[in-house]
Structure formats: C-alpha cells, structure tokens
Amino acid sequence: MEKHSGYMQALRCRECGREYPLTATHVCEFDFGPLEVVYDYNRIKKSLTREVIQSRPKSMWRYRELLPVANGPTIGLEVGFTPLIKADRLAKRLGVREVWIKNDAVNYPTLSFKDRVVSVALSRARELGFDTVACASTGNLANSVAANAAAAGLKAYVFIPTDLESGKIINSLIYGANVIGIKGHYDEVNRLCAEIAGKFDWAFVNVNMRPYYAEGSKSMGYEIVEQLNWKVPKHTVVCMASGSLLTKIHKSYQEFIQLGLAPGTDYKIHGAQATGCSPISTAQKAGLDFFKPVKPDTIAKSLAIGTPADGFYALKVMKDTGGAAEDVSDDELRESIRLLAETEGIFAETAGGVTVGVARKLIASGAIPEEDSLVLCITGNGLKTLDAVSGHVGQPREIRPSLREFEALVAAEARPIKA
Ligand SMILES: *Cc1c(COP(=O)(O)O)cnc(C)c1O
Ligand SMILES: [Zn+2]
C-alpha cells in the first residue's frame with residue numbers, strides 16, 4: 001500500500017457500502033455494485049477555499065483535493081479550465097433568457113472532455129505502479145489515452161469498434177498506441193475488455209480504474225460553478241453515453257454546496273441522447289427507474305452505448321433533481337451542430353449536436369422555462385466527426401481568379417447578406 005493516500009479514504013460500494021482499499025478494482029465482491037472513491041471532506045473543507053482555488057493555475061487540477069490522486073497529478077497538468085461562453089445569439093434562437101456553453105471541444109490535448117478523466121486515470125495508474133494503460137472506447141477516450149500515454153511514456157492499448165469515424169481512428173493511431181479494432185459495437189468491445197482486464201495486469205482506465213477515472217468528470221462541473229461566479233446553474237444539459245458524466249456533474253455541484261464553495265440552491269440536470277441509441281432517455285420519459293439495453297444505430301457514435309454502465313444512476317440523478325431527458329434524430333442533431341456553429345462560431349461533434357438539439361426540445365416542452373438560465377455541456381470537437389456533416393454543409397462557390405467574376409458573383413447574390 002501507499003504511505004499516504006492524499007484526501008482519499010477508501011473505495012466504497014454504492015449498493016451495500018462495504019469498503020475496499022484504494023487499488024485498481026471497480027466492483028463489489030458481494031453484489032457487483034460499482035465502487036466509488038470516498039474522501040475526507042472535513043480535511044478538504046479546511047484547505048480548499050475559493051481563494052486557494054483562484055490562486056492556482058487555470059487547469060482542472062486547481063480542485064486537486066477533490067480528485068483521486070495521492071500525490072498530485074503527473075499526467076495532464078494542463079487539462080481543463082475550458083471556456084464558459086455566454087451564448088446570446090444561440091439563446092435568442094432557442095427562445096430562452098440566458099444560455100452558457102461549457103466548451104470542452106477545445107480541451108487540451110485531444111479536444112474532448114475525455115482528457116479530464118484520462119488525466120486522473122493515468123496519474124493514478126502511475127501511482128499504483130502500472131506501465132501499460134488501456135481502454136474500451138467509442139473514440140474520444142481512445143484518442144485521449146493514446147495521446148496522454150505517449151506524452152507520459154506509458155504503453156497503451158486502445159480498443160475501438162471498427163466502424164468509427166476516420167477522424168477518431170487516425171487521432172488514435174498518430175500517437176503510436178496499439179489500436180485494436182473490434183468487429184462489433186461498443187458493448188462487445190467493452191465485454192471483451194473486461195475479460196482482457198482479468199488476465200493482463202494493465203490499468204484499464206474505464207474497467208479496473210473506473211472509480212478514479214470517473215471522478216475526473218467532476219472537474220467540468222466545478223469549473224462551471226466557479227466560472228458562473230460560484231453559482232450552481234438552474235439547468236444543465238448533459239449528453240449521455242454510459243451516463244457517468246451526468247452523474248458526476250451532479251456530484252460536483254453537491255460537493256461544492258456541501259463544502260460551502262457555492263450557496264445551496266435548487267438545480268435540474270437534464271440528459272440528452274440520440275434517438276438511435278436512447279436507452280436512458282427512453283426509460284426517463286416512460287418514468288422507469290431501469291433502462292432496457294438497445295442495439296445502437298446513430299451517427300452520434302461517441303454516445304453509442306446500448307448498455308450504459310451508469311444508466312441506473314443517471315436516471316436517479318434526473319429524478320432527484322427534477323431533470324428531464326430527450327433524444328434527437330440524426331437529422332435533428334446535424335441541424336443543431338449547424339445552429340451552434342452559425343450562432344456562436346463553435347464547431348461541435350455529433351454529441352454536441354445531441355446536447356443542443358435536446359435543449360431545444362426541452363425548451364419547447366416547457367421543461368426548461370423561457371425565463372431561466374441554462375448551461376450546455378459541449379463535450380467534443382466537430383473536426384473529429386467530419387463524416388457526420390460532410391454532404392450537409394453546401395459547397396464553396398468556384399470562380400476563376402478574376403475580379404470581374406467575383407463582382408458578378410456578388411451582384412448575383414440572391415440571398416441578402418446576413419447581419
Ligand atoms: C464519452 C463521451 C460522452 C459521455 O460520456 P459518459 O460515458 O456518459 O460519461 C459525451 N460526449 C462525448 C463527446 C464523449 O466522447
Ligand atoms: Zn456491495
């Protein structure tokens with residue numbers, strides 16, 4: 001065991017409460033419940049003040065007492081503190097008073113929120129003495145594990161479905177990781193990885209390292225609160241794959257309120273999925289506590305998990321906070337990618353189109369009232385999913401290199417120039 005474990009106390013089963021040592025393990029031996037990191041909040045409360053946080057560098061590690069590493073981070077020190085943008089032009093189009101975009105499409109270094117979870121998981125893996133890291137991925141996680149492992153000098157195996165977008169595949173290969181394509185969908189990749197993790201002594205970031213990995217998502221919520229001048233937003237819309245990010249944003253708000261870093265307030269967390277893979281939103285809309293697994297069929301491949309590991313807990317968070325869920329078709333999510341791009345100059349990947357499209361539906365249904373303020377979590381970059389929109393964005397108008405041809409083109413411009 002380590003000499004000390006920072007502010008961590010144990011791993012604890014979410015179902016029965018049994019405690020386990022802080023090793024690379026993720027399920028309870030008695031009931032297979034997921035394990036979660038337990039912290040010493042009394043000690044954290046004494047050392048983590050707003051002033052301390054604000055005195056630190058602008059990265060996710062300014063909240064390091066609330067992240068599960070014993071000795072501080074060694075990998076991904078620059079990750080996080082992405083912009084929170086006041087999106088007035090989008091708010092106008094959505095017909096709501098105030099919209100904020102939490103823009104993890106520009107997270108460092110691989111342009112998705114997965115850099116947060118990977119920074120934590122690899123830092124912790126190194127503390128526990130691993131030299132090889134691995135993951136089962138729908139794309140962004142593979143990119144981030146490959147890049148961060150390269151920078152840290154760790155060996156990496158990343159497992160992905162073979163039918164991913166080429167941008168996601170190339171973004172894993174370029175770093176020299178072992179990229180293994182599995183002829184099957186994500187749920188089959190994940191099942192295989194659980195078997196591999198049982199045989200190989202590797203740090204699988206979302207299998208045996210999952211309790212640590214998942215905590216990294218909390219940093220997105222901490223940043224939202226700090227960037228809103230220490231206020232928890234009334235509404236937060238989060239897209240869901242396994243459902244983990246949604247549950248961890250809730251946890252981050254709870255922790256900040258409990259530690260006195262933000263005033264207590266009512267807030268709602270809303271969940272977003274693509275209709276072609278919507279086990280969680282379908283269950284929420286039917287008022288059920290459990291989801292039914294599905295076979296994914298959507299262009300939102302980063303969210304295409306048919307058996308979401310945290311689906312049950314995501315449903316519970318929406319129920320407890322009074323949040324809603326919705327889902328959007330591939331056409332709707334494509335249109336929403338364009339809406340965000342045309343109003344705010346932000347090019348999100350398919351998952352971002354899901355978030356914006358679902359927000360639009362929740363505003364229309366009244367689940368998010370017009371006079372309220374909301375935060376949209378944009379989790380990945382559109383440059384990695386060009387396949388999803390190519391053929392839907394028009395073509396450049398071509399002319400010869402002649403001023404006369406250009407003047408003729410402008411004169412013939414039928415559409416009025418947009419203000
Ligand atoms: C992984 C991912 C998510 C959601 O992840 P969870 O498994 O629900 O935590 C959302 N957006 C993007 C772009 C992702 O890659
Ligand atoms: Zn248990």
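Let's start at Cys 13, which is in contact (heavy atoms within 4.5 Å) with Arg 18, Cys 28, Asp 31, Gly 33, Pro 34 and Leu 35, once its neighbours within four places in sequence are set aside. This is a predicted model, so local features need pLDDT of at least 70 and side-chain atom pairs count only at pLDDT 80 or more, while totals for chains, interfaces and linings use all residues. Residues are numbered from 1 along each chain as its sequence is written, chains are lettered from A and ligands numbered from 1 in the order in which they are written, and side-chain values use heavy atoms, with hydrogens and water left out.

Cys 13 sits in strand β1 (residues 8–13); helices (H or I, at least four residues) and strands (E, at least two) are DSSP runs, numbered from the N terminus. Cys 13 counts as buried because its relative accessibility is 3%. Buried here means under 20% relative accessible area, exposed means over 50%, and partly exposed is in between (1.4 Å probe, protein chains only).

Cys 193 takes us to helix α7, where it is one of the buried residues, along with Tyr 186, Asp 187, Val 189, Ile 196 and Ala 197. Those buried residues pack against β6, β7, β8 (178–182) and β9 (203–204). Helix α7 (residues 186–199) has 14 residues and reaches 20 Å from its first C-alpha to its last, close to the 20 Å expected at 1.5 Å a residue. The expected span is 1.5 Å times one less than the number of residues in the helix.

Next up is α5. Helix α5 is mostly covered, with eleven of its 13 residues buried; among them are Asn 140, Leu 141, Val 145, Asn 148 and Ala 152. The cover over these buried residues includes α4 (114–127), β6 (132–136), β7 (155–161), α6 (166–173) and α8 (210–215). Just after α5, Gly 153 takes a positive phi of about 75°.

The peptide bond from Tyr 108 to Pro 109 is cis, with omega near 0°, and Pro 109 belongs to the loop between β5 (98–103) and α4. Leu 111 lies in the loop between β5 and α4 too, and its phi is near 65°, a positive value in a residue other than glycine. At 30% relative accessibility, Leu 111 counts as partly exposed. Trp 230 also has a positive phi, near 65°, and is found in the loop between α9 (218–227) and β10 (235–239). Trp 230 is buried, though, with a relative accessible area of 4%.

On to ligand 1. It is surrounded by 15 residues (those with a heavy atom within 4 Å of it), and the closest are Lys 114, Ser 242, Gly 243, Leu 245 and Thr 379. A polar side-chain atom of Ser 242 is 2.6 Å from an oxygen atom of ligand 1, and a polar backbone atom of Gly 243 is 2.9 Å from an oxygen atom of the ligand. A nitrogen atom of ligand 1, meanwhile, has a polar side-chain atom of Thr 379 at 2.6 Å. On its own, ligand 1 has 390 Å² of accessible area (Shrake-Rupley method, 1.4 Å probe), and the protein covers 96% of that.

Strand β13 (residues 373–378) holds Ser 373, which counts as buried at 13% relative accessibility. The side chain of Ser 373 makes a polar contact with the side chain of Glu 98, at 2.9 Å. Such a contact is a pair of N or O atoms within 3.5 Å; within protein, one must be able to donate a hydrogen and the other to accept it, and residues adjacent in sequence count only if both atoms are side-chain atoms.

Last, two buried leucines. Leu 315 is in helix α12 (residues 311–321) and has 5% relative accessibility. Leu 333, in helix α13 (residues 330–344), counts as buried at 0% relative accessibility. Its C-alpha atom is separated by 8.0 Å from that of Gly 352, 19 residues apart along the chain.
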